[in-house]
Amino acid sequence: MTDSTSPHTLAVSPADGPVAITGASGYVGSWIVRELVEQGYRVHSCVRDPGRPDKVDHLLAMNHQGLPGSNTLFTADLLKRGSYDAAFEGCCAVMHAGAVLTRHQATPQEVYDGCFTVVDHVIESVQRAGTVRRLVLTSSFSAVSHPAEEGYVYTEKDWCTDNIEDRPPGWSEEDIPNNRHAAYAYGKARAEQLIYRAAEEDGGFESMSVLPLDVIGPVMCANHDDAGWHVWIRRMLQGEPFTLTPGGRMLWNNVDVRDVGRAHRLCAESTVARNGSRYILAASDRSGELFTWQLQAKLKELFPRFQDIGGEEMDGDRPKEPTFDKPRSYCTLARRELGLTPYSIDETLIATIESYVRLGVLSV
């Protein structure tokens, strides 16, 4: 672990070399790439299949938009040891946003393995490169969330293994192969602990994590309209009810995908962050925390041209049933230590819908 009293020499800048991104074609990964290219970095974008225009054209387009940085595609597969060696060569930082499969396409065991078991492939390539100063993991708020009373405010000190005795049946380690939610939470938490330990033992690089909550915001390509909270925003605007939870009841704790991308860069550049630092990316204040019925009302306010906006089960102009007040959490530490200035909820929702309109997925 880096001595907090020692001067920091591991923070990076565009002058220090390229930055590699795993999972670069994904929703979050693409915005990490965009953020870095806009700030003048040479980016090595790792994708499984660079021959898929629907997945990579938006990345290649960044080289023709007058941005100060550049973007080069590398073929890499998280399941294969050594697959990232070429992409990481000469890099000053690595952002690990990749996953083997999405949670909805994989078995619980595959989810767990994709979050944790194969992270050592990334670590091995980092160590072989010998030039990487910072490894930033895209973790998840799932690695933080644990049973707590209504209104409890989670911070970076929380772990999903806290209050484990209050978990419902099916959340033990033995249940990971059968419980997708447990597999994802434990996988992300253990991946964090693994990269911190590896960095401490190595001594040549530092590891830190970004933990997003409900990520929404603009999409770059139609392929990003696949899974995620932003997809439900689009569906609600098209009149569909929110069906992911009983009655559509949920507290949405929203963060802009562009802020998630920016936080990764700020981690790599920070002289305050150090090995083991973790940053929750959630609402900046209570305005970004909305129950589904409040989100529906916000969408109606911002987009009056859409006549039938879906949401949760209502009784007149009030929700049919109350929603458990959880999870409350804020990006306070990211604002204080990284200097993050988040988008407002209105800016995020407007950008989300405008991107869908530009892509022709939504029509007005």
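Strands here, like helices, are DSSP runs numbered from the N terminus (E, at least two residues, for strands; H or I, at least four, for helices).

Before continuing, a word on the source. This is a predicted model, in which local features need pLDDT of at least 70 and side-chain atom pairs count only at pLDDT 80 or more, while totals for chains, interfaces and linings use all residues. Residues are numbered from 1 along each chain as its sequence is written, and side-chain values use heavy atoms, with hydrogens and water left out.

The confidence score, pLDDT, is assigned by the predictor to each residue on a scale from 0 to 100. The chain averages 94, and 96% of the residues score at least 70. Over residues 1–6, however, the pLDDT is below 50, and that stretch has seven contacts in the model beyond near neighbours in sequence; a contact means heavy atoms within 4.5 Å. Where pLDDT is low, the predicted coordinates should not be read in detail.

I return to the strands. Two strands are taken as paired if DSSP finds at least two bridges between them. Strand β5, residues 134–138, is joined to β7 by five bridges, and the two run parallel. On β7 there are also four bridges to strand β10, residues 278–281, again in parallel; there, S209 stands opposite R278.

How many residues of β7 are buried? For this strand, residues 206–212, the count is seven of seven. Buried means under 20% relative accessible area, exposed over 50%, and partly exposed in between, with a 1.4 Å probe and protein chains only. In a regular strand the side chains alternate between the two faces of the sheet. In β7, E206, M208, V210 and P212 point one way, S207, S209 and L211 point the other way, and all are buried.

Strand β4, residues 93–96, is likewise covered on both faces, with A93 and M95 buried on one side and V94 and H96 buried on the other. Four bridges link β4 to β5 in a parallel arrangement, and the bridge partner of H96 in β5 is L137. A further four bridges join β4 to strand β1, residues 19–22, also parallel, with I21 standing opposite M95.

Turning to the whole chain, there are eleven helices and 14 strands. The radius of gyration, taken over C-alpha atoms, is compared with a globule rule of 2.2 Å times the number of residues to the power 0.38. For 364 residues a compact globule would have a value near 21 Å, so the chain's 20 Å agrees. Its C-alpha atoms fill a box of roughly 60 × 50 × 40 Å along the principal axes. Of the 364 residues, 55% are buried. Among contacts with a separation of 6 or more, 77% involve residues 24 or more positions apart.

Finally, the cysteines. Where a disulfide is a pair of cysteine sulfur atoms within 2.5 Å, the count comes to zero. For C221, the nearest cysteine sulfur is that of C46, 17 Å away, and C221 is buried at a relative accessible area of 9%. C267 is in no disulfide either, the nearest cysteine sulfur, that of C331, being 12 Å away. Is C267 buried or exposed? C267 is buried, with a relative accessible area of 0%.
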